[in-house]
Amino acid sequence: MALLEVEDVVAGYGAGPDILTGVTVSIEEGTSYCIVGPNGAGKSTLLRAIAGFLKPRAGQITLDGVVMNGSRPDQMLAAGVCFVPQDASLFPMMTVRENLTMGGYLIDDRALLRQRMDMVYETFPILAERRAQAAGTLSGGEQQMVTLGRALMVEPRLVMIDEPSLGLAPMIADQIFEKIRGFRDLGITVVLVEQNAVKGLEAVDWGIVLDLGSKEFEGPAEGILADPRIRELYLGKAVASKDKG
Amino acid sequence: MMEHWLQILVLGLLLGGVYAMMASGLTLLFGVMRVVNLAHAAFILIAAYITYALFENLTLDPMISLVVTMPLMFGLGVGLYLLLFPRLEESPRYVEMTVLLTFGLALIVEGLLTFTFTGIFRSVRPDYAATSLTIGDIFLPTSQLYASLISFALLILLWVVLRFTKTGTAIRATMQNRAAAQIVGVNVRWISALAFGLGMSLAGAAGSLLSFMFPFFPARHWQWIALLLALIVLGGMGSIKGAVIGALLLAVASAFVTDLVGPTWSPITFYLTLFVILLVRPQGLFGAKVRL
Amino acid sequence: MAVVEESEGLVEESPIRKPGTRSRRVTLIAALALILLFPVIAIPLFDSYAYVLQIGMLMLMWIAMSSSWNILGGFAGYISLGHGVFFAIGGYTAGLALAHWGISPFLFLPIAGLAAMAVGFLAGLITLRTRGPAFIVATIAMLFLFLLWFDNWEFIGASSGIDLPLFQFPVRWLKVPFYYAMALCAIGAVGLAYRVAHSKFGLGLRAISQDETKAEVAGINTRWYKVWAFALSAFFIGVAGAIYGYSLTHLRPLTFFAIAVAARMVLMAIIGGRGTVAGPVVGAILIIGVNEFAVRQLGESALNIVFTGLILVLALLFFPQGIVGSLRKSGRLPAFLDWD
């Protein structure tokens, strides 16, 4: 049984149109995924729907066989699904340490909390260095590491990261992708959304191409990278999606 | 001469302390839940009237009434929030809706208070309301002194709660980045309700304290809310630090203005200062730039 | 941005008549006839003639005020709780002209309106540096600043105010000129709101209310648009104030600056439908009607404002679009109410 099943999910924001028009995706434990596709395809929306920020208008989302539609974000987190959104999701006026502590908000055991934090400091040594610094004053790459480190605090089963390389210089982005590859070794299932499709697919096992709110194609990441058709259609220079108005 | 200025300064600070506590509650509500609570002063009045009733009927000292009004207002706050605000959350004009909603609440409270207590000026007159303490050449009205000390104590307590407790940290996190708080598992609706309760309990304390500092009547809350709103805009909406500093600064400034020019100019100082600040720095002293 | 693109073409009327135009024209003529002939129709009501005219005048006054407020609060989305200031300025400008120079307020109405508009322009320049909740607070501060000033200014009688001489008229017909003056004011205000709504200016205001940043980026000079909306919204409120103050024959700051004034303007626009032209009119008629009914039944008591507050809260929770807005959304807006 797959870890996470998304079946025919339809979703949209507020009273607006459907962004997701019937997505079916299956996430296997231990594999890493990258979702790519044109702007407006619904990639971020899919993550938000899974994470509990958006209630699906139709379809279901099941985790370990249990239907999770309409769960709140904190409930999804408690179930082991961690979401790292693309905009600044830090607490800018809190220190790195406080941000990480907030990452472990759901953990009541103080000793365990400290243990996890030490583990995060090991994985991201730069955070240990900057632990007393206000998160808002860190560089882009460092901030991204804080959000990743924060995700690790709950030892999630599934981490969903929206545009990890957004706004980062290529070299820093590479470092981030390194770290994300490292998540795999920790047994964490990773789902990325990446505008920089090539970099994203290089970092994962499996690729999913989304367009117009539904899955167009999926397959081994290498395969997608190698396929010239797909590259041209979806991964080439900014291809505007068919008119969405 | 020096003593005279010092006297004015002290009087200003004493008053400022109470204003600071009232303004902190109000700005907390905005910071956590983006709620502009136009009814804040009306709720302060509820507490004042409760204190009055307790004093008249049970001779309960108003400072002791805090033990009653604070938890009561806390509960009222949590209940009101859960009842009214989550429904508005989807609305795109959320902040304005909260203004109008709390405006309506203020009208309801004022009407009910007038109906129950009529428009007569009331005040609570414990023994210390008329006495004063003299330290050196500075005279401190006892009522203001007590009120101020309690206010500062409560502000420190607020700081401790926000800084060192898990719930307090969650509140601060929600203030800084609501979406991120949700992501780390904070139940923001519940935290918002708690923060509302917290802000209201501060209003409750303020009511009990104000009851013996100034005479009050139901329509009085408009003056106070206008003042408090000016204070939090001045300090930067959502910034508790700004509210405290703004309150102290303005209270001292208006004390000096009163001394130099006369009492009618005192409230004018507040509003004029507000307009000047709005011209120069619309986000207030400590506000974030265009965080609305 | 679609809204801005539309604005270019909307200045000319489409040659195809919009459905419901005839119905609207009929409504307009009927409404105007009713308003203008009302004092004549009501003559048979011997004893309560003055009272009935008074209610009519109040309804027209609030129609004028809430429609004007709506230009800023509904179209542009900037909620002001301080518009009582313009009410006062209109009242005092005309009243003082009468008291000191003997000029009838009825003749001085345009000046009263202009005075209010000028203050609105200046106040807008300052307060509109803020947005959202800070703006609302700024307007409250503005209200209190003016209240404190008027309350202490000996020249205008401070808090006790001044008396105004009244013209010689048989008591029975006393209210009639006030009624007609207010009718003109109301027609003017609604007309202004209509013109604004159907202009490029109005479209710009709506763009601002939906997404101000996008509007700026689309090239709209948001600052001027907002300030002019503020100024325009003040004009007829000033005129209404002039007429109302005269009708009371006594000017006192509290009459004009009471928060209840602002509360009602806002309430009527919200209940009726913020951002529509017909909304404030519907809201005003409804609220005044209900209020009079309540007063007749329950008597004047504090429970009245409880009632007002309760309606506001319930309206916000369940009908944030107001009557006209909700009807439009469900597609059931009768053509005679569709003035947008």
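User: In this predicted model, how many residues does the contact take from chain B and from chain C?

Analyst: Two residues count as in contact if their C-beta atoms, placed from the backbone, lie within 7 Å. For chains B and C, the contact takes 37 residues from chain B and 34 residues from chain C.

User: Which helix gives the largest share of the side of chain B that touches chain C?

Analyst: On that side, α4 (94-117), α9 (221-235) and α11 (265-280) of chain B each supply at least two residues. By class, the side divides into 29 nonpolar, 5 polar and 3 charged residues. The largest share, 16 residues, comes from α4(B).

User: Is α6(B) roughly parallel or roughly perpendicular to α8(B)?

Analyst: Helix α6 (residues 166-176) and helix α8 (residues 188-210) of chain B have axes 10 Å apart and pack at an angle of about 105°. Angles of 65 to 115 degrees count as roughly perpendicular. Therefore α6(B) is, relative to α8(B), roughly perpendicular.

User: How many charged residues are in the contact of α6(B) with α8(B)?

Analyst: From α6(B), Thr167(B), Ala170(B), Ile171(B) and Thr174(B) take part, facing Val188(B), Ile191(B), Ser192(B), Leu194(B) and Ala195(B) of α8(B). These residues comprise 6 nonpolar and 3 polar, and the number charged is none.

User: Which helix of chain C gives the largest share of the side of domain 1 that touches domain 2?

Analyst: Chain C is divided into domain 1 (80-257) and domain 2 (262-328), with C-alpha centres 21 Å apart. Contact involves 8 residues of domain 1 and 5 residues of domain 2. The domain 1 side has 5 nonpolar, 3 polar and no charged residues. Its largest share, 4 residues, comes from helix α7 (residues 175-197) of chain C.

Note on methods
Residues are numbered from 1 along each chain as its sequence is written. Chains are lettered from A and ligands numbered from 1 in the order in which they are written. This is a predicted model: local features need pLDDT of at least 70, side-chain atom pairs count only at pLDDT 80 or more; totals for chains, interfaces and linings use all residues. Axes are lines fitted to C-alpha atoms, for helices over the stretch in contact, and angles run from 0 to 180 degrees between N-to-C directions. Angles under 35 degrees count as roughly parallel, over 145 as roughly antiparallel, 65 to 115 as roughly perpendicular and the rest as oblique. Ala, Val, Leu, Ile, Met, Phe, Trp, Tyr, Cys and Pro count as nonpolar, Asp, Glu, Lys and Arg as charged, and the others, Gly among them, as polar. Domain bounds come from an automatic or database domain assignment.
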